Amino acid sequence: MKVMAWGLLLLSILCLIWQVHFFNKGKNERVLMAFGDSLTYGYGDREEEGYVGRLEDKVNSTNSKENIHVWNYGVYGQETDGVLKQLDDLKIRTKLKEAESMIVFIGTNDLLNSNGGDLSPLHVNNIRKEKPVYIQHLHQILSILRKENKQAPILVLGLYNPYPANHSIEKQIDDWNHSILAETNKHTKMKYVPTNDCFKHIEKSKYFSDSLHPNKKGYDLITKKILEVQRF
C-alpha cells in the first residue's frame with residue numbers, strides 16, 4: 001500500500017509539472033520592478049493598480065512569447081528617503097539583479113511636503129530649497145539601482161502638475177523636471193519619461209479621482225506615455 005501511495009504521489013507531481021510546462025511553454029517571465037509613491041501604488045485605481053497594472057496587462061496581452069511580472073514597491077505617501085530605506089532592505093536589494101527593467105516615479109510628495117503638504121498657497125522659496133535634497137536622493141536611488149543591476153533599462157518618470165491651469169505651479173514642476181532629466185542623463189541605460197504633458201489641455205474631472213491622483217483614464221495616459229518611450 002505504501003508503494004502504491006508513493007506511486008500516486010509521484011504521478012500527481014509529474015502531472016503538475018507537465019501542466020505548468022504546457023501552459024507556460026514558450027513563455028519567458030520577465031520581472032519589472034517599480035519604485036515610487038501612491039502613483040506607483042495605484043491610488044485612485046487600486047483595482048487595476050494604476051499605470052503599473054495597466055502596463056503589465058497591455059504588454060502581456062500583445063506579447064505572445066514573453067510575459068512581464070511587476071513587483072510593485074510603491075507606497076502611499078512615500079518620498080525619496082523612503083525609497084532609499086527600501087533599497088537598504090536586503091530582501092529588496094538582493095532582488096534587484098533579477099529585474100529585466102525598472103521604473104522610478106518619485107518626487108511628488110517631496111515637492112508637496114516642501115510646500116507644507118499641499119500646493120496652496122505656493123511657497124516658491126521652500127520648494128526651491130528642497131529641490132537639491134530631492135535630486136541628491138534621486139541620484140543615490142539611481143546609483144544603487146545601476147550598481148546592483150548593470151543591464152536593466154531604467155525608466156525615470158517626471159512629475160506632473162495636478163493643477164495645469166495654475167502657471168505658478170507649472171513653473172516649479174518644469175524646474176524639477178528639468179533637474180530630473182539632467183540627473184537621469186548622468187546614468188547609463190536610463191530614460192526619462194515626461195508625464196506632465198499627459199494632463200495639459202484636459203478636463204480634470206474626467207482624468208482624476210481626486211485633486212492629485214489620476215483615475216483609470218488618467219493612468220491610461222501615463223501607461224501610454226511609458227510605452228511610447230520604452231518597448232518591453
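**Exercise 1.** How many bridges join β3 to β4, and do these strands run parallel or antiparallel?

*Solution.* Let's start with the ground rules. This is a predicted model, in which local features need pLDDT of at least 70, side-chain atom pairs count only at pLDDT 80 or more, and totals for chains, interfaces and linings use all residues. Residues are numbered from 1 along each chain as its sequence is written, and side-chain values use heavy atoms, leaving out hydrogens and water.

Step 1: strands are DSSP runs (E, at least two residues), as are helices (H or I, at least four), numbered from the N terminus. Step 2: three bridges join β3 to β4, and the two run parallel. Step 3: one such link pairs Met102 with Ile154 in β4.

**Exercise 2.** Find the partners of β3 on the β1 side.

*Solution.* Five bridges connect β1 (residues 28–36) with β3 (residues 101–105), again in parallel. Met33 has Met102 as its bridge partner, while Gly36 stands opposite Phe105.

**Exercise 3.** Is β3 mostly covered or uncovered?

*Solution.* Five of its five residues are buried (under 20% relative accessible area; exposed is over 50%, partly exposed in between; 1.4 Å probe, protein chains only). Ser101, Ile103 and Phe105 lie on one face of β3, Met102 and Val104 on the other.

Technical notes: Pairing = 2+ DSSP bridges.
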